[in-house]
Amino acid sequence: MFTILVEYAMEAISHAGTVLAVLAKDGVVLAAEKKVTGKLLDLSGTKEGGYGGSGEKIFLLNSNVVAGVAGITADANSLVNYARTAAQKHLYSYNEDIPVELLTQRLCDLKQGYTQYGGLRPFGVSLLYAGYDPHYKFQLYHSDPSGNYSGWKATCIGANNGTAQSLLKQEYKDDISVEDAVALVLRVMSKTMDSTTLGSEKLEFATLTVDPVTKKPKSKIYRPAEVDALLKKHDLAKKDEDAEMKTA
């Protein structure tokens, strides 16, 4: 019975927006496709402050961990709150940021528990954890609804993940830099997203690096204007539809 429920959860994830991450030698890059789009959606709050995006796909779990989610957003919100609490408890107890793998394990223990008791259903969400700790440096983990997790150099979850994985296998290099990883992630996203154009209304983006001065992890979740600027820099920005219509 629970195996079937896990399979249903995995199926829900396969229809969710694409989330892709690449581990570089000097950081981790995350990108995610937003599904909740529309001209009537009020995004004024995200443009004025916060960490950018609509908060639908990429979340800051701790100062050293950023997560990308694919699946049921309500389930993701619950797990994100749990992870943030676990990270703060660890910081309070040991006066240091929680190791990335330990935080991943905490969430996976919770997710696995929901697969073995009656009256509960598995969380219908997969997560990619991009993190840094002083012992193992930059790390990238993936966890699924069953509670399994694994470490990756580059991976993708959500819709079209098979195509993205094939592209990553061809183009990923072990000594890739963050700048090259950003270009690779955007290139792969442009080929795998359901949309024909890339823009801040359909894409969330984040990087995790180390501050060269303080030597502490620095998370950056791009705001909509910054995403558009990044796409323009890599010549992937959406074309002006009005101009195209006039020339047609």
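Student: Which residues of α4 are buried?

Tutor: In this predicted model, the buried residues of α4 are V100, L103, T104, L107, C108, K111 and G113.

Student: What makes a residue in that list "buried"?

Tutor: The word applies under 20% relative accessible area. V100 and K111, among others in α4, are counted as buried, so each falls under that cut-off.

Student: And what do the buried residues of α4 pack against?

Tutor: Their partners are the strands β3 (58-62), β4 (65-71), β5 (125-133), β6 (137-143) and β7 (149-151), together with helix α3 (73-94).

Student: How do you know that the span of helix α4 agrees with its 14 residues?

Tutor: Let's work it through. Helix α4 covers residues 100-113, and at 1.5 Å a residue it should span 20 Å. The expected span uses one less than the number of residues. The end C-alpha atoms of α4 are 20 Å apart, so the two values agree.

Student: Now K169: why is this residue called exposed?

Tutor: K169 sits in helix α5 (residues 161-171). Exposed means over 50% relative accessible area; K169 has 71% relative accessibility, so it counts as exposed.

Student: How far is K169 from K153 in sequence and in space?

Tutor: They are 16 residues apart in sequence, and their C-alpha atoms are 10.0 Å apart.

Student: What about the protein as a whole: how many helices and strands does it have?

Tutor: There are eight helices and 10 strands. Of the 248 residues, 47% count as buried.

Note on methods
Residues numbered from 1 in each chain as written. Predicted model: local features only at pLDDT ≥ 70, side-chain atom pairs only at ≥ 80, totals over all residues. Heavy atoms only, no water. Helix = DSSP H or I, 4+ residues; strand = E, 2+ residues; numbered from the N terminus. Buried < 20%, exposed > 50% of the residue type's maximum accessible area, 1.4 Å probe, protein only. Contact = heavy atoms within 4.5 Å.
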